[in-house]
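The following note sets out several points for a student to follow alongside the sequence and the structure. Each point may be checked in turn.

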Amino acid sequence: MAKKLTKPCLVIISQDGLGEVFPLAPGGNTLGSGEGANVHLPYRGIDPVHATLHLDETLTLEANSANLVLIDGQVVSGSRALQVGNTIELGVVTMKYREFDEEDETYHEALRQLAIRDGLTNLFNARYFRDALVKEHDFCVRKQSSLALLFMDIDHFKQINDRFGHAFGDFVLKELARLLTTRLRGYDLLARYGGEEFVFLVREESPESVHELAERICADARNHVFHFAGVRTRVTVSIGYEWWNGIDRDLTSEDLLRRADDQLYRAKSNGRDRVEPNEVEARASSKS
């Protein structure tokens with residue numbers, strides 16, 4: 001029986017990015033939070049180029065950062081040869097050095113998708129969204145670019161379940177997820193946050209464009225006929241959102257989520273099937 005071809009990989013085994021696999025190429029592989037890093041790790045405590053892995057006949061790690069690099073729990077300075085099974089810690093991320101064949105990669109990717117996807121809608125789940133929100137917030141602080149968080153809820157969803165049954169309710173969730181996906185750009189993010197709640201992250205758009213997007217989503221839901229197992233009905237949604245210009249560094253990712261949720265509550269209280277915006281301007285701009 002022919003021996004399976006394997007290639008060296010790093011696998012994240014800590015909470016942030018759990019299960020993500022990074023195949024290593026021959027030569028130098030940079031590890032860091034910078035967008036040009038070969039192993040891109042946009043997490044807390046990681047420099048743009050934190051370390052470099054050199055893959056020749058062996059794999060060698062070279063620490064490039066004043067921040068700590070640990071191998072199997074021991075602080076490393078300079079160069080260190082790695083063996084399969086070694087763990088590497090950079091900032092909040094722990095990775096393991098493995099050698100994978102094609103089946104291993106497929107298996108680990110399937111496990112990762114199970115960890116980050118909602119089983120019903122196949123959208124990202126709340127855990128993935130919360131991690132992504134922190135990364136997007138940090139990115140926008142560095143670039144001083146805008147970020148909008150939209151919080152959406154299906155109106156009277158309990159009545160839909162009570163009247164038509166949970167199978168129809170599940171269909172509504174899946175069909176609505178499909179509709180919402182058509183409104184996404186490549187770098188927007190959509191997740192099912194729980195129950196009948198959905199969340200969006202929209203980067204680098206004006207307040208006007210974000211508001212238009214929210215209104216279009218409301219219209220899409222309002223005008224769509226949900227047809228399943230002989231039942232036809234329409235639903236409406238309510239959306240609250242927070243737009244932030246990326247300059248006010250006192251505003252945290254948790255603040256964005258909380259304020260968008262507050263706006264959603266206002267939309268529900270003000271009659272549903274509507275959009276409630278809130279735009280956060282930089283304090284520095286308001287003082288100038």
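**Note on the structure**

1. The largest pocket has a lining of 23 residues, and those nearest its centre are His40, Pro42, Lys135, Glu136 and Arg203. A pocket is an open set of points on a 1 Å grid over the protein atoms alone, with protein on both sides within 12 Å along at least five of seven lines; lining residues have an atom within 4 Å of a point. Two or more lining residues come from each of H2 and strand E14 (197–203), and H2 gives the most, with 7 residues. Helices (H or I, at least four residues) and strands (E, at least two) are DSSP runs, numbered from the N terminus.

2. The model is predicted: local features need pLDDT of at least 70 and side-chain atom pairs pLDDT 80 or more, while totals for chains, interfaces and linings use all residues. Residues are numbered from 1 along each chain as its sequence is written, and side-chain values use heavy atoms, without hydrogens and water.

3. The space in the largest pocket is about 580 Å³, where a volume is the space filled by probe spheres set on the grid points, which are joined across faces, edges and corners. Its lining comprises 10 nonpolar, 3 polar and 10 charged residues. Here Ala, Val, Leu, Ile, Met, Phe, Trp, Tyr, Cys and Pro count as nonpolar, Asp, Glu, Lys and Arg as charged, and the others, Gly among them, as polar.

4. There is 1 cavity of 30 Å³ or more, a cavity being a set of grid points where a 1.4 Å probe fits but cannot get out. The largest cavity has a volume of about 110 Å³. Its lining includes Tyr43, Arg112, Asp131 and Lys135, and H2 supplies the largest share, 4 residues.

5. Five strands form an open sheet in the order E4-E3-E5-E6-E9, with mixed pairing; two strands pair if DSSP finds at least two bridges between them. Strand E4 (39–40) and strand E9 (79–82) are at the edges, each with a single partner strand, so one side of each has no neighbour in the sheet. Strands E3 and E5 run antiparallel and are joined by 5 bridges.

6. Is Glu175 buried or exposed? Glu175, in helix H4 (residues 166–181), is buried, with a relative accessible area of 14%; buried means under 20%, exposed over 50% and partly exposed in between, with a 1.4 Å probe and protein chains only.
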